[in-house]
Amino acid sequence: MEMTVDQQGDSIRIELRGDIDELGANKLKTGFNELDLSNCKQIVFDFGGVNYIGSAGIGKMLIFYKAIASKGGRLAIENANKAVYDLLKVVKLDTIFTITSA
Amino acid sequence: MRIRLVIYGLAFLAITSALVGGLLYHHDINRNIAVNGRLQAALVARSVQAQIESHLEKYQTTALLLSHQHAVGRVLQRPNRVTRQVVQHMLSGVIRQGELQTVLLYQPQASASLVHAGASAGASGFNWRGDVAAIPDDASGVRFIDAADPAGRRVAAVATVNDHQDNYLGAILVAGSFDRLERRLTASITGHWLLVDAKSRVVAGAPTWRGGRLGSEIRTVGPEALPVAPDLNAVAPDQLIDAAGNRYWFHRQDVTAWPGFTVVGLVDEYQCYRACGMVFNGTRSLVIAGLCLGILVAAVLIVRFAHRAVADEKLVRDELAKSEGRFRELAEMLPETIFELDRNGTVIFVNQQAYKQFGYTKEDLQNGLNGFDLIDAADRERALQNSLRIYKGEKTGLNEYTALRKDGSRFPALFHSSLITDQGQPAGIRGFIIDITARKQMEDALRAERDQTRRIFKSSPSVICGITPDGTTTFINQTGERITGYTAEELVGRSWWQTLYPDQEHHQVETLLAALESEDVKAYEMTLTSRAGQKITIAWNSIVNRDDTGRIIEIIGFGQDITKAKHAEAKLRNSEAYLRMIMATIPAGVVVIDAKAGNIIDINPFGAKLFGYRPASLIGKDYHDFVCVDRIGLCPREIPCGDRGGSDVVLHPDSDHTIHVRRTHTRFPVGDREVVVQSLIDITDIKQLMRKQSISIDLSKSLLGLVNGRIARYTPLNPKLALFAQAQAARCYAEGGDHYFLRTIAADDEGRTGRTIVSLKDQSGHEVGCVLRSIITDLIHHELLDDRTLTMAQTMSCLNDRICELDSFATADFLTAITLEIDHASLTMHYAACGHPPFLLIRGREVRLIPDTDQAGGNLAIGMIGGVAFTAGRIQLQVGDRLVLYTDGLTEMPQRNRSFVINGERLGRMTHNVLDTQPVPKPVAIICQDLLQKIAALCDETVIPDGKNTSADDVTLIGLEVEAYNRCEQQVIRPHSVESLAGQIKTLAARISTEGARSGIDDAWQNFRLVLEESILNAWKHGHGEALDKPITVRWRFGNDLHLQVIDSGPGFDFNRLGNPTDPQGMTRSSGRGIYLMRHLTDQLWWEDHGRHIHLVFHRPLKPAAADIAPAGASDDG
């Protein structure tokens, strides 16, 4: 799983490519921890390259959400494919942060 | 005539005399002119000659004088001053006269000539030497030599100078020009002259004649005839003609003093004519001319006086000729043949029309055509007699004969002839012939038309009669006689009105007469009373004949008996009124619509009420404006002509109301258009009732569902085996008919093993009570099953008896049923088919229908007759056996569109073909699906389980399969690291997915992977505590569904106490969603072994691979 971070001002855009399985979730968490969230108000995950996400990946997204929400920021997921989008809706994550499909 | 001849003779004589005299006079004149011309020319020539010689004489004199002076004074040798002065004085005097231009003294002994020039131009260019040298030395006297130089014409007189001894000393040349002489001569002499030298060169001459310059036109002078110019031609020894045709007389006169020179005198014709007026010697001619003139005058007088005498005769003759000419002209113009015959009957004259009409030619006429040849032989004798009468002076008028053409063809003609007289004597016959062919044809046509009119008159079905204005009958046809009952003799001459129109109806007569005064009357109805007293209504068309003053003289009537039509009309009115009354009172809407345009033509009050408008306001409106667009049923435009049908339609009179109507329609032609008549019955209440009924039916179905429950997909038979069961039902009728259940009865303490009962039933009929009967039937069945003492056969017998006893089952009500009972322990299956199609047992690739005919297990339908002992069949099931139960809706599906039912043998064949498409045993769920789709395609029906069913009946299939748990694939995962665990999971997921695709499960790959991953990760994380040395066992099996098992060796967990990750309090937890997702993404999930062994089932979607399904319409036999 690969991630590309683009931080501009108070917004961070993270483009993900690959499967967010157990392994991918760990890499995601590692990459996220390296981010400077001091001035970040918004984190946007671009899921355009994500084909699969498991519960571990979902759990990591929640960790990220809590991290940014504690600073008053918000988290969004964009360009999720249908399977991923449906999965995130099943666990009602769309009620916590913004999820948009491709 | 004689006088004319005499007068003409005298006139001729006079004219001739005049002509002769004139000719003689002319000849005389010409002769005189010629004589005068020659004389004039001679005079001119001599006069000019004299003057020239005089002019030359001066030269001569001068030369002589000078020569003498020289001789005396010896000027040549020693000229002294006095002599020179004298000579100069003399020369000057001569020169002053203008006639000399130069004088030369020539002394041959000198080497050069001595020139003593005069006052005028010198002798340059003058060839003195040559000319003088020609003079002999001993010559004496003077001679003239001709010389010319470029400066002008010169004539030189040469006088020799001799001494006392008469020795030649030299010469005196005196030169001068003739210019002055020429001018003087031209002015004084009438006529023209030329001075011509020996070389035929014109030296001098009159410059012009008749405007032309003579000298310039004259080039040469011929030695003979003296044509002096190319345009002067000698036509006689003394006449010339120039290029313009002017005639000249000429005379030549030699110049004596100048040998070789000649004077030519010319006189033109015009001058001669003038001269002739003065010089005339034609006394004789004058006398003759006078005589001729006198005779001419006398002749003119005679002719004139005689002209009057013959004028009248001529006038008469002219008039006669004109008249004849006009006659001929007229005759030619007439379209009739005009002829004249002589006394012998020979045709002496015919006009052009005769040639055309009869075909004869002028040659025929010349050859003596007889007039009677123009008449056919049959009429010739009569024509001859008439001719004789004409000769006697009688008038015969117009006679009709048959005319005969040259080619033998005939035509009718009228002949009119009259006598020609000559000096009071008959000279012939004159007449005209009129071709009456067209008239004859017209007469024939008129005759035929009259005859036809008479026939029409007689045979016309209409009354035709004529009456005078006062009502007197003039004629009546046979139809009139028949209708009135009176004969023509009884009516003609009598009053039409009084006979046929009694007093009480006479007002009709007065009205008619008043109408006829202004115009013809059409379709006027009058009721007459026949002889028999019947009232007969006639529709009359009347026309009138009027005289010149416009007064009506006759009324002609054409009448049609419309009595019956009137009666029919009255009947029709009554019928219409009756119909209107019915239409107004029936409690159903009747609307008539134009089939093409769709607009309302007619509607009854009840129908208008349904539409929500008054009837009058609906006429002409578009019917579709009042019908719900999506629930219009069959549009009137689409209804074929002659079609009768019905449908339910929803009207919307306004936006708030809808009315359900049951519509029946008929389309048929009326006149030139087609109409659709619809009757509309308001079924809104019925619809509401049905809606309520639907609610009741839904409730009943819910009850049935409660009674029977749902078929368990998997029923464990024993630790190793499970019974897969799936029902695929497509309802046709909301009221139901097919019903089924699967019930498992557990083993009891009394040693009875567990058993599973599957029962599929089909109630007769499809009315509302069908569901209730289904409920009752299954309740009874379940009750009976509770009694474990009953065998299957006994159970079915009791069920039959109980059903037969029930009042809720009418005599005609029955049901068919197929019931199976499978013993869990032994896999022995008992079966009872009660009037139901046999079920299919598929073992491997073998297909059997059970029960066979006459085998145990085949029974009557339930509810037909009570007290029947039902039988049950028995068979030993094996692992992998597949059973298909179905209702007759499946096998009878082709009945509607293909007109056949599928018998057992065919069904078995079709099932076998379905099996053959896969190498691995096809799951029963797919077999049922494929079979259903194949049969539906064969019948052009759409039958979708729990969905659409276009066939004629409910279709239900129940597929059962004995599945073995332990026939699984297995892989043990040993995670050495998180990375290796993730990789192994991914690889395993791919492997299982590939196998699934081969098995026909190829979708939801992502979901399966997630479930697999979550289950394995749970086993690793929660079961093994993330230990990397503990194996995790994964098993999977593809059967009717995909079965997945994940087994760990952990402590297990309480799977009944799992949280809800979607609970708002726990929403943000980062873990605990795995099981939630697995539950969501699988169809079945359960644990064994305290949570250490999880079972996950993915139901196979009913969407088989395309290769398994035969195309629609293909043979079911493969």
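This briefing describes selected helices, strands and sheets in chains A and B of a predicted model. Residues are numbered from 1 along each chain as its sequence is written, and chains are lettered from A and ligands numbered from 1 in the order in which they are written. Helices (H or I, at least four residues) and strands (E, at least two) are DSSP runs, numbered from the N terminus.

**Chain A**

- Chain A holds three helices and five strands, and from the N terminus on they run β-β-α-β-α-β-α-β.
- Of the 102 residues in chain A, 50% are buried; buried means under 20% relative accessible area, exposed over 50%, and partly exposed in between, with a 1.4 Å probe and protein chains only.
- Contact means heavy atoms within 4.5 Å; among contacts in chain A between residues at least 6 apart in sequence, 63% join residues at least 24 apart.
- Helix 3 of chain A covers residues 82-90, and its buried residues are A:V84, A:L87, A:L88 and A:V90.
- Seen down the axis of helix 3 of chain A, these buried residues fall within an arc of 155°, so they line one face of the helix; the arc is that of the directions from the helix axis to the C-beta atoms.
- An α-helix has 3.6 residues a turn, so residues three or four places apart point the same way.
- Just after helix 3 of chain A, A:K92 has a positive phi of about 60°.

- A:E22 lies in helix 1 (residues 22-33) of chain A and is buried, with a relative accessible area of 8%.
- Not counting residues up to four places away in sequence, A:E22 touches A:A56, B:V978, B:E1013, B:L1017 and B:K1021.
- B:D930 lies in helix 25 (residues 924-938) of chain B and counts as buried at 1% relative accessibility.
- The side chains of B:D930 and B:K922 are joined by a polar contact of 2.5 Å; a polar contact is a pair of N or O atoms within 3.5 Å, and within protein one must be able to donate a hydrogen and the other to accept it, while residues adjacent in sequence count only if both atoms are side-chain atoms.

- Five strands of chain B form an open sheet in the order 15-14-18-17-16, with antiparallel pairing; two strands pair if DSSP finds at least two bridges between them.
- The edge strands are strand 15 (347-350) and strand 16 of chain B, each of which pairs on one side only.
- On average, neighbouring strands of this sheet are turned by 30° against each other, direction ignored.
- Strands 17 and 18 of chain B pair in the antiparallel sense over ten bridges, and B:S417 has B:G431 in strand 18 as its bridge partner.
- Helix 10 of chain B packs on the sheet, touching strand 14 (337-342), strand 16, strand 17 and strand 18, and its direction makes about 135° with that of strand 16; axes are lines fitted to C-alpha atoms, for helices over the stretch in contact, and angles run from 0 to 180 degrees between N-to-C directions.
- Helix 11 (residues 437-459) of chain B also packs on the sheet, touching strand 16, strand 17 and strand 18, at about 135° to the direction of strand 17.

**Helix 10 of chain B**

- Helix 10 (residues 377-391) of chain B has 15 residues and reaches 21 Å from its first C-alpha to its last, close to the 21 Å expected at 1.5 Å a residue; the expected span is 1.5 Å times one less than the number of residues.
- Its buried residues are B:D379, B:A383, B:N386, B:S387 and B:I390.
- Seen down the axis of helix 10 of chain B, these residues fall within an arc of 105°, so they line one face of the helix.

**Strand 30 of chain B**

- Nine of the ten residues of strand 30 (residues 721-730) of chain B are buried, so it is largely enclosed by the rest of the structure.
- A hairpin joins strand 29 to strand 30 of chain B through four residues.
- Strand 30 of chain B also pairs with strand 40 (residues 955-964) in the antiparallel sense over ten bridges, with B:A729 opposite B:T956.

Key:
Predicted model: local features only at pLDDT ≥ 70, side-chain atom pairs only at ≥ 80, totals over all residues. Heavy atoms only, no water.
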